[in-house]
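Trainee: I'm new to this one. Could you walk me through it?

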Amino acid sequence: AKQYNFIPFIDMQNFFTIYNENNKVDKTYNAWEYYFNQVSNYKIDKIYKSKKVILTNNVFYKSFSHDISNREYRKLASKFIKVKKKFTIYADEFIKNNFKKKTLGIHYRGTSYKTSANHPFPATKKQIINYCEFLIKKYDYKKIFLCTEDKYIFDELTKEFKEKICFLKNSYRSYRDDAFKKNVRKNHRYHLGKEILIEALILSKCQGFLHANTNVSEFVKFLDDK
């Protein structure tokens with residue numbers, strides 16, 4: 001859009017994502033606007049009444065990269081991509097209250113990663129505990145911030161590291177791959193997106209980062225190039 005002087009607009013209202021709710025959230029049906037400011041000042045109803053509109057398709061071409069943690073994308077995002085302020089404030093408050101000591105961030109993906117095609121297989125319980133202990137000893141981490149949807153790993157790590165561990169208490173965790181298969185609370189899909197966004201913001205402020213290769217870990221590295 002920038003290259004051809006087009007005005008960008010992100011429509012996740014007519015083009016559904018896994019985070020869309022059937023009702024309005026924060027006065028919008030557009031899932032992008034649940035979490036981020038819109039990238040231009042146009043309104044969706046006026047856009048579809050316009051004469052000159054280009055709709056992109058949903059193809060992820062082979063020439064596209066999963067790597068967004070580079071200078072080009074950071075420069076582009078600094079102009080267009082703005083996380084809603086209430087989420088950055090929440091993350092900052094959590095960091096202020098919990099990160100008083102050197103902190104290791106952990107992002108562990110289990111559940112669906114155990115069966116999904118073309119995804120790296122997750123580490124075992126023994127592997128992740130051993131590597132955490134290695135990093136804690138080597139870099140003298142006093143705290144761990146844990147981000148995982150896998151209740152098995154959550155139980156094991158909180159049991160192993162006890163008072164060292166902190167986490168978002170309300171984040172959805174399960175023993176099964178069922179996060180998007182049932183509604184366990186009002187606006188469940190919205191909350192899934194909100195929780196992982198806040199967790200990513202917090203992870204980007206940790207002094208170390210242990211992770212699986214996921215979109216989340218790529219976003220964390222995008223937020224902090226260190």
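Mentor: Axes here are lines fitted to C-alpha atoms, for helices over the stretch in contact, with angles from 0 to 180 degrees between N-to-C directions. Helices (H or I, at least four residues) and strands (E, at least two) are DSSP runs, numbered from the N terminus. Bear in mind that this is a predicted model, where local features need pLDDT of at least 70, side-chain atom pairs count only at pLDDT 80 or more, and totals for chains, interfaces and linings use all residues. Residues are numbered from 1 along each chain as its sequence is written, and side-chain values use heavy atoms, with hydrogens and water left out.

Trainee: How do the residues of the contact of α4 with α7 divide into nonpolar, polar and charged?

Mentor: On the α4 side you'll find Lys-86, Phe-87, Thr-88, Tyr-90, Ala-91, Phe-94 and Ile-95, meeting Tyr-190, Lys-194, Leu-197, Ile-198, Leu-201 and Ile-202 in α7. Contact means heavy atoms within 4.5 Å. Ala, Val, Leu, Ile, Met, Phe, Trp, Tyr, Cys and Pro count as nonpolar, Asp, Glu, Lys and Arg as charged, and the others, Gly among them, as polar. The division is 10 nonpolar, one polar and two charged.

Trainee: And α7 with α8: at what angle do their axes cross?

Mentor: Helix α7 covers residues 188-203 and helix α8 residues 215-223. Their axes come within 9 Å, and the crossing angle is roughly 45 degrees.

Trainee: Which residues of α8 make the contact?

Mentor: From α7 come Ile-196, Leu-197, Ala-200, Leu-201 and Leu-203. The contact's residues divide into nine nonpolar, no polar and no charged. The α8 partners are Val-216, Phe-219, Val-220 and Leu-223.

Trainee: Is Trp-32 buried or exposed?

Mentor: Trp-32 sits in helix α1. Its contacts beyond four places in sequence include Ile-10, Met-12 and Ile-81. Because its relative accessibility is 11%, Trp-32 counts as buried.

Trainee: Where does Thr-111 lie?

Mentor: Most residues other than glycine have a negative phi. Thr-111 has a positive phi of about 30 degrees although it is not a glycine. At 11% relative accessibility it counts as buried. Thr-111 lies in the loop between β1 (103-108) and α5 (125-139).

Trainee: What is the relative accessible area of Asp-26?

Mentor: Asp-26 lies in the segment before α1. Its phi is positive too, about 50 degrees, although it is not a glycine. Asp-26 is partly exposed, because its relative accessible area is 41%.

Notes. Buried means under 20% relative accessible area, exposed over 50%, partly exposed in between (1.4 Å probe, protein chains only).
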